[in-house]
Amino acid sequence: MTDYPPPLPQVNQTAPVPRRIRAVLNGRVVLDTTSALYVWEWERYPQYYIPMTDVDPAVLIDERNEQRLSRGTARRYGLAVGEVSRSAALRVYGDDARFGLEGLARFEWDAVDAWYEEDEQVFVHPRDPYTRVDALRSTRNVRVELDGTVLAESASPVMVFETGLPTRYYLNRTEVDLTCLTPADTVTACPYKGTTSGYWTAHVNGKTYPDIAWSYDFPTRQLLPIAGLIAFYNEKVDILLDGRPLTRPTTHFS
């Protein structure tokens, strides 16, 4: 059992999307719907499934390829807008589809240039309606160690509570021993927090631990309290909270 709430949905669960969803390729809106469906292909977050009646037929290229998948038979299409084309961009489920997916299109996220919920761009994947992400200031003491070396210690962390993940502790840069860290080129993005502005690799006792810490200089407005602070992967370091060692969690980041 973990010490944080697990994701709620089960694989193949569906739910209506109450938001207007649009996608843009090469400056053209290729889909515009208020009738999308959330489908959890795995438990951590859903995908949008789009009614074909809300997809611009002028941008579709029938690749004449049918696949028998676990959710039913799907026909593959590409997209073309002007000089820009994307092969295998979406698959459309047929009459034998399970879970109410008949006539719905599942787009590859990167097949378009941008996704929008209402008028706000969404990054990486759809936001899970069952996921909550809170950034709370705290006066609890957080100490980060690696192989017996203290990397950071703070009595004023910002604690980020995200459904399905261990609590993340964001610390002031002045409380992090940057002599043990070197900047890395890694960049990641999160639909809830935004795009990272920095990653760091740790060098401790002659060993190298890549991409062990990160920062968001310009997070989403909901996560503004973490701006400029540094967090470490709980899965890769030893964290003491108010002097109590925390067990390293096992997640997909381990």
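**Note on the pockets and overall fold of a predicted model**

1. The largest pocket has a lining of 28 residues, and those nearest its centre are Glu162, Leu165, Cys190, His252 and Phe253. A pocket here is an open set of points on a 1 Å grid over the protein atoms alone, where a 1.4 Å probe fits, with protein on both sides within 12 Å along at least five of seven lines; lining residues have an atom within 4 Å of a point.

2. This is a predicted model, in which local features need pLDDT of at least 70 and side-chain atom pairs count only at pLDDT 80 or more, while totals for chains, interfaces and linings use all residues. Residues are numbered from 1 along each chain as its sequence is written, and side-chain values use heavy atoms, with hydrogens and water left out.

3. The volume of the largest pocket is about 510 Å³, a volume being the space filled by probe spheres set on the grid points, which are joined across faces, edges and corners. Strands E15 (158-162), E16 (168-171) and E18 (189-190) each contribute at least two residues to its lining. Strands (E, at least two residues) are DSSP runs numbered from the N terminus, as are helices (H or I, at least four). By type, the lining of the largest pocket has 16 nonpolar, seven polar and five charged residues. Nonpolar covers Ala, Val, Leu, Ile, Met, Phe, Trp, Tyr, Cys and Pro; charged covers Asp, Glu, Lys and Arg; the others, Gly among them, are polar.

4. The second largest pocket has a volume of about 340 Å³. It is lined by 22 residues, with Asp3, Tyr4, Pro166, Leu246 and Thr247 closest to its centre. E15, strand E23 (238-241) and strand E24 (244-245) each give two or more residues to this lining; E23 gives the most, with three. The lining of the second largest pocket divides into twelve nonpolar, five polar and five charged residues.

5. The chain has zero helices and 24 strands. Its C-alpha atoms fill a box of roughly 60 × 40 × 35 Å along the principal axes. Of the 254 residues, 48% are buried, meaning under 20% relative accessible area with a 1.4 Å probe and protein chains only; exposed means over 50%, and partly exposed lies in between.

6. Phe218 sits in the loop between strand E21 (207-215) and strand E22 (230-232). Phe218 counts as exposed because its relative accessibility is 73%.
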